[in-house]
Amino acid sequence: MLNETEIMMQILKPIMTALLICGAAASGNAQIPEDSIYGDFDGDGKKEHLWMETKYDEDEYATEPFVLRSDNLKLDRKFKVEAPRYVLIMNEGKLNGGNVEYFSITPYGDSTWSMTSVYVFSNGNVHKAVDGFTTWSGNEEEEDFVRPADCPGYAVINEYGMDVEDSWTPRRKTVKLK
């Protein structure tokens with residue numbers, strides 16, 4: 001026969017385990033993948049990690065939208081994006097000269113041709129700062145898709161388009177941030 005203390009321990013053990021797991025995630029001790037990006041994405045002066053997460057089928061195709069994850073609970077699960085297989089997330093830095101770092105999302109499948117968009121956290125939500133533009137990630141030298149422009153409020157993108165010879169070539173283009 002169990003005494004009162006043993007009965008109480010049996011009742012409390014699952015609750016304490018759940019609290020420890022939740023506490024680890026909330027304190028930033030969640031499993032952070034190696035390919036996460038690191039920066040001050042909410043402008044509070046402290047850096048956090050961002051990464052994309054989804055579930056896959058046996059052929060490694062995404063079975064549900066990719067979800068933006070973070071070790072900062074203010075940013076965690078604030079954004080979803082559809083992609084057939086993968087998502088490239090990159091820290092694009094402080095494009096607007098302020099305290100907040102921007103990030104780009106490039107969904108892609110088996111091809112290296114993609115549409116990249118740039119995002120920023122503002123007022124507790126993710127906002128699109130640059131509309132999607134065509135990118136090609138097959139050339140490592142060209143994977144610098146976005147960079148700050150010479151004046152605040154603008155960015156320089158590396159967009160691919162057809163040239164006069166019907167060949168896909170990168171073009172640097174200055175765009176206004178939204």
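Author: A pocket is an open set of points, on a 1 Å grid over the protein atoms alone, where a 1.4 Å probe fits and protein lies on both sides within 12 Å along at least five of seven lines. A residue lines the pocket if it has an atom within 4 Å of a point. This is a predicted model, so local features need pLDDT of at least 70, side-chain atom pairs count only at pLDDT 80 or more, and totals for chains, interfaces and linings use all residues. Residues are numbered from 1 along each chain as its sequence is written, and side-chain values use heavy atoms, with hydrogens and water left out.

Reader: Which residues line the largest pocket nearest its centre?

Author: The lining has 13 residues, and D35, M52, Y56, F66 and V87 lie nearest the centre. The space in this pocket is about 220 Å³, a volume being the space filled by probe spheres set on the points, joined across faces, edges and corners.

Reader: What makes up the lining of the largest pocket by residue class?

Author: It divides into 10 nonpolar, 1 polar and 2 charged residues. Nonpolar covers Ala, Val, Leu, Ile, Met, Phe, Trp, Tyr, Cys and Pro; charged covers Asp, Glu, Lys and Arg; the others, Gly among them, are polar.

Reader: Which strand gives the most to this lining?

Author: β5 does, with 4 residues. Both β2 (48–53) and β5 (86–93) supply at least two. A strand is a DSSP run of E of at least two residues, a helix one of H or I of at least four, both numbered from the N terminus. The chain comes to 1 helix and 11 strands.

Reader: Why are β6 and β7 called paired?

Author: Two strands pair if DSSP finds at least two bridges between them. Strands β6 (residues 102–108) and β7 (residues 113–122) have 3 bridges, in the antiparallel sense, and therefore count as paired. S104 stands opposite V118 in β7. Between β7 and β8 there are 9 bridges, also antiparallel, and F121 stands opposite V126 in β8. These two strands form a hairpin with 2 residues between them, where N123 in the turn has a positive phi of about 55°.

Reader: What is the order of strands in the open sheet, and what makes a strand an edge strand?

Author: The order of the 4 strands is β5-β6-β7-β8, with antiparallel pairing. β5 and β8 (125–136) are the edge strands, as each pairs on one side only.

Reader: How much of the chain counts as buried?

Author: Buried means under 20% relative accessible area, against over 50% for exposed and in between for partly exposed (1.4 Å probe, protein chains only). Of the 178 residues, 37% count as buried.
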